[in-house]
Amino acid sequence: MASTDPRRKLMFIAAGLSLLFATVMIVLIVRGSGSSNPDPADGDTGAGLFEPLIGGNQAGGTGSTGGSGLFIQITDKNNPDRIAMELRSAQMDPIGPDLYRVDTPRAWVFMKDGSSVSITAAEGTLVLPDRAREPEQGTLTGGVVIRRYPNLGRRADADNDEPEATFKSDTLTFDLTLGEVATPDRVVVTSTMGELAGTDLRMNINEPLERIELFRLQQGEYLRISRSKSAEPEPAIQQPAMAPHDQPSVANADGATLSAPKTAPDPLESFYRAVFKDNVVLLDRGRTIKGDQLDLWARLVDNKLADGALERNSSEPDAPTADPHGNTRSSPSEPVRIASGEDQPSQPSGPPAGSPELPAVDPASDDILLTWTGVAEIRPSTSRPEELAKDEVAARFTASRSGRVLLEDPNAQARGSTGVLDYYATRRHIVMASQGMTGVELVSDGDGLARFGSLELNLDTGIGYAPGAGLVQNDAASGTVTWNEQADLVFEVDRNGITGVLQEAMCSGAVRARRDESTLESDFLRTTFTNGPGGDLRLQRLAARGQVRASDGRNAGGTCEALDVLFDTSTNGDDPVPTDLLARGTAKFNDGPDTIEAEIIDATLKPASPGDGQGGEQDGGARIQRLHTMGATQIVRARDNLLVSGGDVLMHDDRQSVRVQGPNAVAQRDGVRITAVGPDDVIDLDGTGRNGSVAGAGSFSRASTNPDGTTGLLTAAWSQSMTFDDYAGTLHCMGDVQAVHAPDPTRRDAVLGDEVTATFEPYREQDEGEDAPREDREVLTFIARSNGESQTQAAVESARFEVKPGAEPMLARALRLTGPIVSLDQRAGVVDVQGPGSLLVSDQRQQLPPERQALALFSWNESFVHNRNTGQATMIGNVKTHHRRRGDGSVTLIDCDRLDAVLLDPQRGDLNADPTTEAQLRSARAQGNVSMKSGTREALADTVDYNAANASATLMGRPGGYVTIIDTARSGVPIRAGRIFWDLANDRIDIMDAGPFRGSP
């Protein structure tokens, strides 16, 4: 997404309400209007203007109308020692019954909290039935000025002391019997806290309840409030008083005395509602809020706001603060300028033409300006309003005529609108809500907009809540997020409250995030943000939950139940760079033909480079650097033909390493497939070193393609472990090993043992001009061993098949060689057995009954060596030979100390030329204690040359010795000679050398 100023999202209205303007107006009007429980330690100087006209605490006084002037002192009826009011005039003339005209009237009202109010005018008329009491009615004209002074510890000097509040109007009418003050003229009220202006004032005061019943300006102008000014601490209270006759007193500068404070009664609680109508505009630091009406509610205690009723004091300078992510800002509340345009703060729309000119307010200052053109009215409530259920002060903007409450922050180039805007000042809580079909819309120029049904935001906690459906759209990045149920927002806060930096956003209910063609759908979406290197808002984390579905709109995407993605926030650029990904719950992702499927996917990512097949830097792609999956994993990577499946998988792309744990773990690449069976069995592969291992039972297979298009296959299975080194060309297996090499459909060689080692051509890098390195590397050697603990010996099996078109291959010839250690050199064609063993060779080409098929079976006690290329084989140590001729099934048995035989390997091509050729034993020479049997004849000799091809044998004795033959089916008389030819096929014997003597036939 585009880089975004954090203060341009949602929060440009916050500072405009952080010091509620209209609440201060209530303070200006009623705050100092008397107190039944004054507390000189609270430092409250007040800003009230009208308590001097309430009068209601006067019990009596002294007056003088002698001469041409007027002087009246009125005491507090509850404390006769205290002067409550003093009235003077330079000239006083009666103009009717109890009616007097006065010149330059001046009145002083002395408050219980030590403050005082002076009232002056050019002239006036007073209704004065009792010259010892305050006037009942009157009108002041000619520059009416009312000034309020704080508690100075002495009587205020009207000529030299600075008032804290001043009221000005051309005229002022009052009726103390009715508790009413009014003027049709323009009113301007200034104080240390701000300034108020309007026309046609009327105010009614309830003296017994000590509250304002009605305050009304028929035509409003403006209310300016200064944040930066605060009241100075007050000195100790010194009340002007008259000395009673029964106690001593100390006179002050005016002859009044001071008396001891009385016990304070219970505090007085009252509730007020203020309404401002028509063209209501709030301007605060360049931000504006516009509506048709503003409503205010306030709870007063002793006609003052309770402690903590308003927000914290934001006038204190901000110290440098750091956000939770370590980024430091010198002024959290200062709007951040953006590069898309110059700041153009706008002034709110003012009153209609002809109205008095509004005061100038610098948009960058702390002053708040409220303007309106209609009625401003304040009334009390007999009970606590619903709006003050949890607060002391609350405000509401509405727009019943225009339909929209408008918000604008030119500094942040942001604006918005809502149906209703509520601000609860004590909790510092904002609520923007719909009105009819009108929802909440916030717009940031160049970045996008946000729409909500309603939005709640607390300025102290920084927590926001938007129930219902909503939308956030980013124009610069063409991104949109929508949801159906609710959104929760978390903003950074410092000691002054919310700063406007969005830290976290959570959306729920059919959430859909889209950017260009890419989409992310889920039941819940959570995003967290932090400041980037340039101070712009950067996406730090994305978390989706429930039916997560992601797609790039082309050929990549995936699904899971939970997805977490972390991003690198230190890089420059608009696009977030993902660094870590965690997907859970039957997660399945694909990028074209590449797929990853597992219960849990934990990946470390890095930017893709051009040419690596994983998306180039130009499109912001990312590649997996480290991958850890758990539970029912399957990984397919098309670019290098990689397939991995199992329970848990750990992959490092840079090291090209893979670790797969069972059950039924599989790692396959470039025709090589390795499996592990048990749940705790592990496959380890190192692509850089081209080696690997399996801890536990498993299997290995490697397929190759022959020039004729047929497929060759090398397989191995074991029960304990396996290691291989592709560079060295070695494969080592332990435990019930079965290794099979089938180079083509006509051949299959197998090696079995407790331990098997195979070697094949070492791996070599691709030669120049070669499309790819040769993969159909020749198997060189097999070594099979038996550990002696099992009864099964090591074995080598060779089988040859007849392949006919349209038919299954049929076994034609087979060889099985066993022993404790069996070595097979494929290239040299040498088979070697150290120790006792056996050899079985069979020929099944003619499809004869088993009893007539050719078969040769050999066993020995010491060693066996066979050159498969020449057919020469040597067996030593109690050698036993069992030979069955093909066709007639005749069996010849030969026992000897040594046997040198010609064994045609089943792989030799000359056997296919003559189907009558025996496929196993061609000839043999038996030596040393030879015993030979065929049919009913048995022979003993020192040497026997056996010709298996023509079923004959030449028997020879030792020099000077003889050969013995006996036919057990006849007389049983032995035949002895030095040399005998035995025609086994015809059962005929020829004596070739009689030897030392001749036996009977």
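**Close-up views of selected side-chain contacts**

**View 1. Arg427 and Asp391 form a salt bridge with an N to O distance of 2.8 Å.** A salt bridge here is a side-chain nitrogen of Lys or Arg within 4 Å of a carboxyl oxygen of Asp or Glu. The pair links distant parts of the chain, 36 residues apart. Arg427 sits in the loop between strand 24 (420–424) and strand 25 (429–433), and Asp391 in the loop between strand 20 (376–381) and strand 21 (393–398). Strands (E, at least two residues) are DSSP runs numbered from the N terminus, as are helices (H or I, at least four). Asp391 is buried at 1% relative accessibility, whereas Arg427 is partly exposed at 30%. Buried means under 20% relative accessible area, exposed over 50%, and partly exposed in between, with a 1.4 Å probe and protein chains only.

This is a predicted model in which local features need pLDDT of at least 70 and side-chain atom pairs count only at pLDDT 80 or more, while totals for chains, interfaces and linings use all residues. Residues are numbered from 1 along each chain as its sequence is written, and side-chain values use heavy atoms, with hydrogens and water left out.

**View 2. A salt bridge joins Arg526 and Glu504, with the closest N and O atoms 2.3 Å apart.** Arg526 belongs to strand 34 (residues 518–531) and Glu504 to strand 33 (residues 497–515), so the contact ties together parts that are 22 residues apart in sequence. Glu504 is buried, at 13% relative accessible area. Arg526 is partly exposed, at 28%.

**View 3. Arg937 meets Asp987 in a salt bridge (2.8 Å, N to O).** Arg937 lies in strand 62 (residues 937–947) and Asp987 in the loop between strand 66 (979–983) and strand 67 (988–993), so this pair ties together parts that are 50 residues apart in sequence. Here Arg937 is buried, with 8% relative accessibility, and Asp987 is partly exposed, with 36%.

**View 4. Salt bridges link Glu269, Arg299, Arg384 and Glu392 in a network.** In the model, the salt-bridge count comes to 44.

**View 5. The side chain of Thr418 has a polar atom 3.1 Å from the backbone oxygen of Val420.** A polar contact is a pair of N or O atoms within 3.5 Å; within protein, one must be able to donate a hydrogen and the other to accept it, and residues adjacent in sequence count only if both atoms are side-chain atoms. Thr418 lies in strand 23 (residues 414–418). Thr418 is buried, with a relative accessible area of 0%.
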